[in-house]
Amino acid sequence: MNATVNEIREALTEANNTAIGNGSVMPAAYYTSDEFADLEAEHIFRRDWVCLGRADEVKEPGDFYTTEVIGEQLLVTRAKDGAVRVLSNVCRHRGNIVASGKGKKSRFSCSYHAWTYDSTGQLIAAPLMDDVPGFNKSECKLPSFNVEIWEGFLFVNLDGKAEPIAPRMSELMPFIENYDIADRINGFTEQTTWQTNWKCLAENFMEGYHLDVTHPKTLKPLTPTGLCEYVPSDGNFNAYFSYYDPSYPERGPFPPNLTDKEKRCSLMFGLFPNLVVAAAPSILIYLCLSPNTTNSVNIRWGMSALPEIGDVTDEQREFMNQVNAEDKLKLETLQKGLQSKYFNPGPLSTPDLEGTIHDMYKYMATRLGSHVEFNQ
Ligand code: FES
Ligand SMILES: [Fe+2]
């Protein structure tokens, strides 16, 4: 492990030992080091729950899509038994990718030699293999990963050893339960890539400091920086209330149990490591982040509507496209700035504005801090 990685790990441990409100920004290498990115892949993305999107993207038996997490090709299916599966999308013959894109299909035929699998990953056809001694189709399956659905979000755990999600989120639940997040109907999901480190995007989505300056015409009139309120975290999530400007019109319809306070704010929350969400009264916006290279992140993002509305309006989608474009611009120049050898990190702002970033550092510290001993 080189000196830089050790310095990053030490900085994480220091952040972990510092009170929220007194922290400073991590060294640039945290966002630019390839070696540190390898540690993240190995010790975070292979070991923790990674969100892929909303479970109702595969609503009916036969629905499927493909995606990838840290280079692992994944096939998400809903089989006849009603269960959602996340399968390795790598053929058991010579390792080609089996399925691509998304759609409706109950048989997946590898385009190399036509080995064919069903939605559970079972091999059901392998042409010209009958004369091969000892070959038995029934013993051939695509590996299947552990899956959990939490509040309608679909998570995968590659190493199969992560603790269940729901108990870990017990402290977040009181803040989100009135938004009826599990019932929201997915309107669309898009996959895109931005030229920034995945953590820059996770931090950006979860801090209110930039709202006025980066989004002067979109978010500032709606959720100004000065109305952000930090939600203390137990280390499993980060969150803040993004209150609406008093002059902004009501944003109904509302889920039935939403309080008057909740009707006037969006709850912004992140589940470490890779899911960030804006829960507004009638719309849910989510981004699932997956590191591509150190300097680029793959994003599956979408919006889900209240059941009584049923779909996302063109206006809502256009608004978020604009907000995303504004963030993308800043995050791609940020990534360029972080390449500098002369960047000397500054302090984080107050808990209401950047406490959520400190919470994410603390999570990262529990996995990768210098006080953590890696077990293989
Ligand atoms: S690699 Fe898939 S059928 Fe040969
Ligand atoms: Fe933003």
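**Exercise 1.** Which residue of β14 does F237 stand opposite?

Solution. Keep in mind that this is a predicted model.
- Start with the strands: β13 covers residues 237-243, and β14 covers residues 265-271.
- The two pair in the antiparallel sense, over seven bridges.
- Now look across from F237, and you land on L271 in β14.

**Exercise 2.** Follow β13 to its pairing with β12. What is the bridge partner of Y230 in β13, and how many residues sit between the two strands of the hairpin?

Solution. 
- β12 spans residues 228-231, and its antiparallel pairing with β13 runs over four bridges.
- Within that pairing, Y230 has Y240 as its bridge partner.
- The hairpin made by β12 and β13 leaves five residues between the strands.
- While you're in the turn, check G235: its phi is positive, at about 105°.

**Exercise 3.** Why is β13 largely enclosed by the rest of the structure?

Solution. 
- Count neighbours: a residue is buried if 20 or more other C-beta atoms lie within 10 Å of its own.
- Six of the seven residues in β13 are buried, so the rest of the structure largely encloses this strand.

**Exercise 4.** Is helix α6 mostly covered or mostly uncovered?

Solution. 
- Pick out residues 198-205, the extent of α6.
- Seven of these eight residues are buried, which leaves the helix mostly covered.
- The buried ones are W198, K199, C200, L201, A202, E203 and F205.

**Exercise 5.** In the open sheet of three strands, what is the strand order, and which strands are at the edges?

Solution. 
- The order reads β6-β7-β8, with antiparallel pairing.
- At the edges are β6 (107-109) and β8 (123-125), each of which pairs on one side only.
- From one strand to the next, the twist averages 35°.
- Zoom in on β7 (residues 116-118): two bridges tie this strand to β8, and Y117 stands opposite L123 there.

**Exercise 6.** Zoom out to the chain. How many helices and strands does the secondary structure come to?

Solution. 
- The tally is 10 helices and 17 strands.
- The chain's radius of gyration is 22 Å, close to the 21 Å from the globule rule for 376 residues, so the chain is as compact as a globular protein of that length.
- Along the principal axes, the C-alpha atoms fill a box of roughly 70 × 55 × 35 Å.
- Buried residues make up 43% of the 376.
- Finally, take contacts between residues at least 6 apart in sequence: 65% of them join residues at least 24 apart.

Note on methods. Residues are numbered from 1 along each chain as its sequence is written. Chains are lettered from A and ligands numbered from 1 in the order in which they are written. This is a predicted model: local features need pLDDT of at least 70, side-chain atom pairs count only at pLDDT 80 or more; totals for chains, interfaces and linings use all residues. A residue is buried if 20 or more other C-beta atoms lie within 10 Å of its own, exposed if 12 or fewer, and partly exposed in between; C-beta atoms are placed from the backbone. Two strands pair if DSSP finds at least two bridges between them. Axes are lines fitted to C-alpha atoms, for helices over the stretch in contact, and angles run from 0 to 180 degrees between N-to-C directions. The radius of gyration is taken over C-alpha atoms; the globule rule is 2.2 Å times the number of residues to the power 0.38. Two residues are in contact if their C-beta atoms, placed from the backbone, lie within 7 Å.
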